Amino acid sequence: MNKKIWLSSPHMGGTEQNYVKEAFDTNWVAPLGPNVNGFEHDLETYLNQNVFIGALSSGTAAIHLGLIILGVKAGDEVICQSMTFSASANPIKYQGATPVFIDSESETWNMCPKALEAAIIDCIAKGKKPKAIIAVHLYGMPFNAATILAVANKYQIPVVEDSAEALGSKYKGQKCGTLGDIGVLSFNGNKIITTSGGGALVAKTKKIKDKAVFFATQSRDNAPHYQHSEIGYNYRMSNIVAGIGRGQMEVLDEHIALRRAMHDFYANYFKDIKGVTVLTEPNTDYFSNHWLSAILVNPEQTDGKTREDLRLALDAANIESRPLWKPMHLQPIFANDPYYGGTISESLFQNGLCLPSGSNLTREDRDRIKAALDAFFKG
Ligand SMILES: *Cc1c(COP(=O)(O)O)cnc(C)c1O
């Protein structure tokens, strides 16, 4: 059997182990140390927007702490993009709050500004103004920030910007992660850079970063003994993991260029295939890192061939592909939570497929993908 082509697999640059070795050599094997400070500094420099980074154990932890810092408590309502990974929404439940899910718009597949405003108006009419909005840059594609942030601003609701998939993406030249009140990054195993597992909270002030780190290290008060006046969490990033991150930062822009080249490969291939569209920036305001390349298959224009047929055909050729995120309002665990919008995210889920997108795919891999696509669409 030929080797498996993965959707998105870790891609080391080569210097990661030097940073990890240094951590061992100096015995900084702890959830603090020079690599943690260095990785935070690297990210701050990269995002280039006067932000303060708190390195954490995961992106999910960053969303959770973001909600805590914004004062989300039991019984509150928090707006969340429906079309996303469950990690965007789960922290709302950790706080005992209620998620209010919002449909997508077809241009970016991200939060629909119209449905967002309708939800806010309805929540306010019911006497419950939402405490926060969690908007997501899906697959690296920035959400319509000008409009979403204008709506948030109009109603004075803070935005948690879930940029877990969008490190290096830009909206109107500004890096994703720095657009909202609180930004979220992830370095999980399949993200654009990985530390094996990890995340970060992007804060606009040092005070907020310090608060996040305080919560992330068990909320220890300033005292010689262990003194606590608030509930704490064990969410800080380890110095070993941060060493991997430092090495990955050296190759981030190179990896973005390679992911974008994969997107161009698909865009070029599918321009001749009727009924298939590739998720692409709507205009020059948007710059996607194209973490994952994703397509929509319209069976009415492909002689009835569906995205599931394609997924199975690729799987038979030992090529991994995956349906888009199943919207949260269709998930059994969130079935009783409110939802605003129509059926856009549902139909994206129905017809959408993510294709192999890794920065480490070879020319040979591309040839195999092309051959499998040819056999499916032209065979
Ligand atoms: C990966 C991801 C997260 C969670 O990040 P972890 O580091 O895996 O906890 C959150 N939101 C989105 C959209 C993601 O893709």
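Student: Which are the buried residues of H11?

Tutor: In this predicted model, the buried residues of helix H11 are Ser345, Leu348 and Phe349, where buried means under 20% relative accessible area.

Student: Where do these buried residues fall when H11 is seen down its axis?

Tutor: They fall within an arc of 100°, so they line one face of the helix. The buried residues of H11 pack against strand E12, helix H10 (307–316), strand E13, strand E14 (339–340) and strand E15. Helix H11, which spans residues 344–351, lies across E12, E13 and E15 (352–355), and runs at about 55° to E15.

Student: How do I read the sheet, and in what order do the strands stand?

Tutor: Strands of a sheet pair through backbone hydrogen bonds, either parallel or antiparallel. Here four strands form an open sheet, ordered E10-E12-E15-E13, and their pairing is antiparallel. The edge strands, each pairing on one side only, are E10 (276–278) and E13 (322–323). Between E10 and E12 (residues 293–297) there are three bridges in the antiparallel sense, and Thr277 stands opposite Leu296 in E12.

Student: How do helices H2 and H8 cross, and at roughly what angle?

Tutor: For a pair of helices, look at the distance, the angle and the hand of the crossing. The axes of H2 (residues 34–47) and H8 (residues 239–249) come within 7 Å and cross at roughly 35°, and the crossing is left-handed.

Student: Which residues of H2 and H8 meet there?

Tutor: From H2, the residues include Pro34, Phe39, Leu43 and Tyr46, and those they meet in H8 include Ala242, Arg246 and Met249. By class, this contact of H2 with H8 has seven nonpolar, five polar and two charged residues.

Notes: Residues numbered from 1 in each chain as written. Predicted model: local features only at pLDDT ≥ 70, side-chain atom pairs only at ≥ 80, totals over all residues. Heavy atoms only, no water. Axes fitted to C-alpha atoms, helices over the stretch in contact; angles between N-to-C directions. Helix = DSSP H or I, 4+ residues; strand = E, 2+ residues; numbered from the N terminus. Left-handed = near helix turned anticlockwise from the far one by under 90°. Contact = heavy atoms within 4.5 Å. Nonpolar A, V, L, I, M, F, W, Y, C, P; charged D, E, K, R; others polar. Pairing = 2+ DSSP bridges. Buried < 20%, exposed > 50% of the residue type's maximum accessible area, 1.4 Å probe, protein only. Arc of directions from axis to C-beta.
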